[in-house]
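I am opening a notebook on a structure that is new to me, and I want to keep a careful record of what I look up. The sequence and the structure come first, and my entries follow.

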Amino acid sequence: MSYTKAMGEVVRLPVRHGDPAATDPAPDLDASPAMPGNAGAGVPPNDPPLIPAPSGDGDDGEAIEGRVLVDRPDGYRPDVRARRMAGERDHRRPIIAPWLRNRDEAHATIRWAVGYAGHVTGYHAARIPLYGLRLALRSPRGLYRVVAGTWRWTYDIESRPLRTHAIDRRNDDSYLKLMSERNDRVRARLFVAGAGVVGTGLAAASVAAAGGITQTIVLATLVALLGWIGTPTDRRILDTAVVSTKAPKLTSEIVVRALAALGNAEINKAVGKGGGGITFPAPITRDGPGWRAEVDLPYGVTATDIMERRDRLASGLRRPMGCVWPEPAHDQHAGRLVLWVGDQDMNQVKPVAGPLAKTTATVDLFKPVPFGTDQRGRPVTVELMYANALFGAMPGMGKTFALRVLALAAALDPTAQLRVYELKGTGDLSPLEKVAHQYGSGQDDETLAACLDALREVRKDLGRRAKVIRKLPKDICPENKVTPQLAAKRSLGLYPSVFILDECQNLFAHPDFGDEAARLAVDIIKLGRALGVILLLATQRPDKDSLPTGVSANVGLRFCLKVMGQTENDMILGTSMYKNGIRATTFTKKDKGIGYLAGEADDPQIVRGYYIDNPAADRIADRARALRKAAGTLTGIAAGEDPTPTADDGASLLEDLAAVMAPGEDKVHSQVLVDRLAELRPIVYGPWADLDPTGKARQLAAALKPYGIGTPQVWGQDETGKGRNLKGVHRDHVTDALETTRRTGR
Ligand SMILES: Nc1ncnc2c1ncn2[C@@H]1O[C@H](COP(=O)(O)OP(=O)(O)OP(=O)(O)O)[C@@H](O)[C@H]1O
């Protein structure tokens, strides 16, 4: 059928099936003809929809004035192979269960299974006497049941109602037939029963003749068997070792019911009469300690629409809110929702201290460091190197705890230098004092000024680091950024430098220091990344006066625990996060330590930071100190020095030299030592480091002369690792001189 109409009206076109060229001017949308929006007004849904075209004739020579087909004709055969391949890619289920592929998860599961089996075994083993008594008491009833059952079977008692029925109906033939059958049956069964009695008697005689152990075993087995048979159907033999608090199973019906309760018009339309419904592209499965459902929402509804109404969804599912975690399916369309419903409220799960609390834990800041666990209990790590982090929350939600996890991780990397300022004054970060190069705690102007000085120092050090990197040959530093190899060369001074600033609002909102501190922090965030400087900030007041916009806009990692409103949410997590459904406002007061972590994975994830309390933090810091001592990297406050940078620093050159010569380094070139000294105290020794190599050696020789220490030729490695004979210092000479100075008090 074909006809044409004027522009703007719906026109049906002739379609030559099997000739794609005739119908292919439009892109291959491969869409269902029944899809809303494809059909023009008045056109039945099965007809191809039309859109206006510039002009011209149709391929078949008929006038199609201004009209072009956009859908393929009915005769179009889909590429089944391509579809199956695409579909399978999405829905292939893993050959090996995901928990088995993750080492930590597999370990946790095995630990649980072994612990569970151990508990159940122990529980029942302790109750063996009780179970024995129970079975013995029930065994007479069991014996009665066995005898009565055998009697009924032998004399065919079950068929008695049939015979009675035949008598009642006066059916003689039937009665006689039934009686004859019964007599045959009873005869045969009497024979079997007799054989059984004789067998039992013989067995009893042989047991009686056997030893005491056999008798005991046989008797115990017999009592257990009869006790089991004698147990009433509503009673148990074993007690319950583990009371199961199993959460209800998640079914598609429950999910649809909960979605329908959200008050979303499109969902209501879809689940209403004649609606397209809500579909599930994959079966609902167990995933960790919970259920996972993948849901294709109705057209036009996005996963974010559902995430925004998590509270209502939880109500619809009849589960606590801390169990209900809707997420978008990152690699799918916006209408695909992944709904994970945990068996237990996340805030009810016992918090764990994590791998840092292990006595063998060490950290390399160039690798991901442990931070916490997600809703499913899977470990979450963060990459601190080349990143900065911002922690924000209302007071008392666990921000300092979370910050402390990363601070302790940094402490366990002995190469990292730590500056720790906790500007509330409660000493929450005091365990770190024993490993920190600089440490301050308090809200007073003196502490704030010291913190500002430290920021200035780090900002200045950025210039030095950039210069060092610039000067390095391209083959050693191809990316123009600090690498693990460069950071390991202590003399280059490119080791990780971590600045930890808790309650930073007290500094940024300070009338005198605030502006400069904000400028310095933004510079450090922007420039420090590639230069090995990491800034970790935490605030309980994320507003524009207390948190510079330059900081909130540029920081890479963000962890937001419960906040009160959209502004705080977006200050911490980034612009538009609230709009996109990432709402830390939905956490409850009980969700301590739980927050959104943004900047680590592609999408923000829910994480609960590891729970490391003060005593545990103290133990970790002790280990970190021991690691630093062994590596010779204990400096500043931690080494008992006053590292406050002042131009007239009176610190002893000998002590500084001892600090920069690692144990085991017997001789070190003078120029190398000068670089290390400058790195230790840039303000005091910085000018020495600006000299050429000969100048550096001369400067050090002159400074050491008063102590009677010479700088002879020594064999050692230069910064490129090449062995050379240059002027240098013997470690023994320094330690001897230091000893003499201390003894004589000079
Ligand atoms: N990961 C966690 N799991 C369980 N509880 C936690 C966790 N982190 C913190 N908490 C609890 O939250 C309480 C408050 O933590 P924290 O002191 O870090 O809060 P804060 O946000 O820094 O508070 P403030 O802003 O007042 O300093 C802690 O005493 C601890 O009991």
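How closely do the axes of H13 and helix H20 (residues 614–631) come, and at roughly what angle do they cross? Before answering I note that this is a predicted model. I find that the two axes come within 9 Å and that they cross at roughly 20 degrees. An angle under 35 degrees counts as roughly parallel, so H13 is described as roughly parallel to H20. I also looked up the handedness of this crossing, and for H13 and H20 it is left-handed.

Next I asked which residues of the two helices meet. On the H13 side I wrote down Arg404, Leu408 and Ala411, and on the H20 side their counterparts are Ala617, Ile620, Ala621 and Ala624.

Entry on the annotated site. I turned to the UniProt record, an unreviewed entry, whose "binding site" annotation covers Ala393, Met394, Pro395, Gly396, Met397, Gly398, Lys399 and Thr400. I placed alanine 393 in the loop between strand S9 (389–392) and helix H13 (399–411), and methionine 394 is found in the loop between S9 and H13 as well.

Is alanine 393 buried or exposed? I count it as buried, because 28 other C-beta atoms lie within 10 Å, where 20 or more are needed for that label. Methionine 394, by contrast, counts as partly exposed because it has 17 C-beta neighbours inside 10 Å.

I then listed contacts, leaving aside neighbours within four places in sequence. For alanine 393 they are Gly398, Lys399, Gln540, Cys560, Leu561, Lys562, Val563 and Gly595. For methionine 394 they are Gln540, Lys562, Val563 and Met564.

Entry on a sheet. I traced four strands that form an open sheet in the order S3-S4-S6-S5, with antiparallel pairing. Its edge strands are strand S3 (285–286) and strand S5 (324–328), each of which pairs on one side only.

What lies across S5 and strand S6 (336–342)? I found helix H12 (residues 310–317) there, running at about 125 degrees to S5.

Definitions and conventions. Residues numbered from 1 in each chain as written. Predicted model: local features only at pLDDT ≥ 70, side-chain atom pairs only at ≥ 80, totals over all residues. UniProt positions renumbered as here; feature names shortened; annotations may be inferred. Buried ≥ 20, exposed ≤ 12 C-beta atoms within 10 Å, placed from the backbone. Contact = placed C-beta atoms within 7 Å. Pairing = 2+ DSSP bridges. Axes fitted to C-alpha atoms, helices over the stretch in contact; angles between N-to-C directions. Parallel < 35°, antiparallel > 145°, perpendicular 65-115°, else oblique. Left-handed = near helix turned anticlockwise from the far one by under 90°.
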